[in-house]
Amino acid sequence: MNNAQVLILMGSDSDLPVMEEAAKVLTEFGVGYAMHVSSAHRSPRKTAALAAGAAGQGIKVIIAGAGMAAHLAGVVAAETVLPIIGVPIGGGALNGVDALYAMVQMPGGIPVATMTIGKAGAKNAGILAVQMLSIADPALLEKLDAYRQRMAAEVEARDSELQVRLQKYP
């Protein structure tokens with residue numbers, strides 16, 4: 001976990017297309033991360049060890065994504081005092097709603113910050129992890145501010161383009 005500040009866990013390698021959105025954000029901000037497949041049900045000892053040992057490896061935030069029953073984020077939260085960000089992944093009969101409920105309905109005392117289902121949730125998990133880290137890192141806070149300004153500028157550019165197109169109509 002060289003220079004990793006964020007640990008990204010996923011219950012299955014099939015979750016990678018979603019969870020790589022968090023990795024992209026962390027890379028964009030220059031935040032190191034480690035990523036592992038570890039199932040709360042199929043590899044519980046590995047999951048517990050990764051969670052329990054994360055702080056000792058320099059990890060400050062854990063992002064856990066899983067679908068279906070989605071107990072990964074809760075199991076990880078039970079094994080560490082680090083902040084956990086849960087990403088429900090779509091699939092199964094309920095297309096991720098079951099995963100969302102499993103993460104958002106944590107018992108009092110063991111929190112999991114839960115994002116929206118799918119890629120947008122993974123992207124937001126990456127951004128939230130950066131926001132958490134920026135509390136102690138002014139340079140990261142400046143990068144976040146610049147990121148927000150770029151998003152606002154993109155919206156303004158799109159609106160300007162729309163206004164030009166609308167001039168063609170009476």
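## Basis

The model is predicted, so local features need pLDDT of at least 70 and side-chain atom pairs count only at pLDDT 80 or more, while totals for chains, interfaces and linings use all residues. Residues are numbered from 1 along each chain as its sequence is written, and side-chain values use heavy atoms, with hydrogens and water left out.

## Domains

The domain assignment (automatic or from a database) divides the protein chain into domain 1 (6-136) and domain 2 (139-169). Their centres, taken over C-alpha atoms, are 30 Å apart.

UniProt, in an unreviewed entry, lists residues 4-155 as "domain: PurE"; such annotations may be inferred rather than shown by experiment. Over residues 4-155 the chain is 49% helix and 16% strand (DSSP runs: H or I of at least four residues, E of at least two), with 33 Å between the end C-alpha atoms.

## Interface

Contact (heavy atoms within 4.5 Å) involves ten residues of domain 1 and seven residues of domain 2. The two domains bury about 750 Å² between them, 67% of it on carbon and sulfur atoms; this is accessible area (1.4 Å probe) lost on being put together, summed over both parts.

One salt bridge is counted between domain 1 and domain 2 (a side-chain nitrogen of Lys or Arg within 4 Å of a carboxyl oxygen of Asp or Glu). The side chains of Glu28 and Arg150 form a salt bridge at 3.2 Å, N to O. On the side of domain 1 that touches domain 2, helix H5 (residues 119-134) gives the most, with six residues.
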